[in-house]
Amino acid sequence: MNSYFDDYINSKTTLKQFVEQYENALAKKVANEKNEDTKSSQSYIPCITEDGLENQFQSAYTNAKAKEFQDQFVGKLNCSLHERKIGDVWSEYEVKEWVTFGEEKRRKRVSFTVDFNGETNEANCNCRLFEFRGMVCRHQLMVFHDRGIQRVPEKYVFRRWRKDVKRVHTKIRINYDNSSRTMEAHRHDNMSNLFNEVADLAEDCPDKYAKVMERLRELKEELIESSVVCGSNMISSTPNE
């Protein structure tokens, strides 16, 4: 709590002062988050190699997550790969890693198992880092590298951490965020209200529902195709669009 409200409250802060400072603290957090998103979308963590996998995550992820991926990428240096069972589709690999543990910084060699699907290029490791934290592990990367894979399936690149994704929660109107009064937020509110009205009219009829979903999918494809044009200076400034 002290860390979150740093510079805004202290042990002598009264309840009245806390209420007054609460919105100021949240406004700062929102501004910092948006600044980091902007910075991340306009810059890249430098690649340390010319490997296609590193480039894939560097260009897709926010800088913080790209750095986390690089930690796993560099961690391959502590690993060695051994083939166990090589099949036409499924293969099994043993990855041995030197792990440091304890206050004495002792090193121990730990063995991990990675199953690889040659048809889908998917690799599953029993360390379960990807399942628990959503980040491909160094053991999976060892197998990808050995198989000559320069681009992993999209399932390994989480949408929530992509730098080209607009965060839905940033569109919610809040009193302490001045950006809620921007034209972008105004447009988002207008579209959301209209979408909700359409959903109310169609939700009780399968035919209406199917028609709305089909139209929305078509509209989505049109918007994706025209995103380059819309991203230029062709944005209307009409208040009630």
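1. Of the 241 residues, 28% count as buried, that is, under 20% relative accessible area with a 1.4 Å probe and protein chains only.

2. The model is predicted: local features need pLDDT of at least 70 and side-chain atom pairs pLDDT 80 or more, while totals for chains, interfaces and linings use all residues. Residues are numbered from 1 along each chain as its sequence is written, and side-chain values use heavy atoms, without hydrogens and water.

3. Eight helices and four strands are present, taken as DSSP runs (helices H or I, at least four residues; strands E, at least two) numbered from the N terminus. Their order along the sequence is α-α-α-β-β-β-β-α-α-α-α-α.

4. Beyond its neighbours within four places in sequence, F144 is in contact (heavy atoms within 4.5 Å) with L53, F116, N121, A123, I149, V152 and Y156.

5. The lining of the second largest pocket comprises L194, F195, V198, A199, A202, E203, Y209, V212, M213, L216 and L219. Helices α6 (183-202) and α7 (206-225) are the elements that each give two or more residues to this lining. A pocket here is an open set of points on a 1 Å grid over the protein atoms alone where a 1.4 Å probe fits, with protein on both sides within 12 Å along at least five of seven lines; lining residues have an atom within 4 Å of a point.

How values were computed: Buried < 20%, exposed > 50% of the residue type's maximum accessible area, 1.4 Å probe, protein only.
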